[in-house]
Amino acid sequence: MPGFELFGALERKEVNDVLDNGVLMRYGFDGMRNGHWKARELELELQKQFRVKHAQLVSSGTAAVSMSLAIAGVGAGDEVIMPCFTFVASFEAILMLGAIPILVDIDDTLTLDIEEVKKSISLKTKAIMPVHMCGSMANLQALKSICDTNNLFLIEDACQAIGGTYQGIPLGSYGDVGSFSFDFVKTITCGEGGAVITNNSKLALCADHFSDHGHDHQGHDRGAELHPFLGYNFRISELNAAVGLAQLRRLNDFIGIQKKNYTILREALSQIPEIMFRTVPDGGVENYSFLNIFLPNLEITRLVSKAFKEEGVDGCFHYYDNHWHYIRKWEHLKELKTLYPVSLDVSKGLEYLKNKSFEQSDYFIGRNLSCLIKLSWTEAEVIDRAHKMAQIIKRML
Ligand SMILES: *Cc1c(COP(=O)(O)O)cnc(C)c1O
């Protein structure tokens, strides 16, 4: 997945353009910047590559998810349905707005279980937020139809799935609004950064203002700008955007390399009948950033995970025992450990987590290994790795 593996001359050139004039900010300073508008250029490139009307860059993927919820009007006491397998940022973004994350089970797609989503809708539900974990998506058509029926927003956290598609549509652009992360370990990186994409012009205008303190960006005198509503500072810097610009232009190449490496590993592991692969919904194409497998049970998965580590097969995650990505280890959320008082709505709204079990998700996450696909492997290295993985797994079965 990580674009940082292929950082080179193209990235350096874009960054040097910015260093040459020293304008590190994306707005203003027109006379000093020698026509360099890296953030603006990157937004245009995102629009082109993802065939969307609008793209708004921000300072991180977490900011992007927060903002996509904010512009959809999600706020105090609203409920947002999300999966119990994701990165912690997904619920942080919801809590930032005073809203309540409603965590539901995942299925063998490793994303939202549609039936569980239906059961979780209440009068307070405002949005459904699928998270396209490890490069693949939920059944978005089913989710869209639930959203249409119940008048909810469909907000995609596509931070881990840039370059994947569903029914021919780029992930992130299927719902009302979608988010990408360009942090250092994502498929393409800005160092730190993120983006929100949408075809909804009203939401896009809100994103433009919200990410820059609510400034309306009219005219050429920043101090004279008005504020139609309150905002925040979620701006990206020109330096970060410059790196992203070079990286985004290489996205198709990156996906091509990932696909090639993924396919070699997958074909080797397909020879072992006990291994199942993650289900990709009909019409979905992964971005090949991870190969996700299911082993027969939790014990075998733990043994394989340990042996992989000991025998040099790095980058395979057993999220069941991991503190970042799965509900089982999110004590800080379950016990609502905050630095500051939270509203009664939120503390009451999260009480369900004290008793709720996620057995179905335990069943899938317990047996899942998620293997990162690197860009820098040579073909010989991938073949060797495939062989090693197959040998270890066979030994543990
Ligand atoms: C990385 C990630 C984020 C947050 O992105 P940052 O840029 O690190 O803030 C949000 N959601 C998911 C699923 C992620 O993987």
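Axes here are lines fitted to C-alpha atoms over the stretch in contact, and angles run from 0 to 180 degrees between N-to-C directions. Helices are DSSP runs (H or I, at least four residues) numbered from the N terminus. The model is predicted: local features need pLDDT of at least 70, side-chain atom pairs count only at pLDDT 80 or more, and totals for chains, interfaces and linings use all residues. Residues are numbered from 1 along each chain as its sequence is written, and side-chain values use heavy atoms, leaving out hydrogens and water.

Helix α10 (residues 298-310) and helix α14 (residues 379-396) have axes that come within 10 Å and cross at roughly 140 degrees. α10 and α14 are therefore oblique to each other. A second pair, helix α3 (residues 61-71) and helix α7 (residues 201-210), packs at an angle of about 125 degrees with axes 9 Å apart. α3 and α7 are therefore oblique to each other as well.

Polar contacts are pairs of N or O atoms within 3.5 Å. In one of them, an N or O atom in the T62 side chain is 2.5 Å from a ligand oxygen. The side chain of D157 places an N or O atom 2.8 Å from a ligand nitrogen, and a polar side-chain atom of Q160 lies 2.9 Å from a ligand oxygen.

Terms used:
Polar contact = N/O pair within 3.5 Å; in protein donor to acceptor, adjacent residues only side chain to side chain. Helix = DSSP H or I, 4+ residues; strand = E, 2+ residues; numbered from the N terminus. Parallel < 35°, antiparallel > 145°, perpendicular 65-115°, else oblique.
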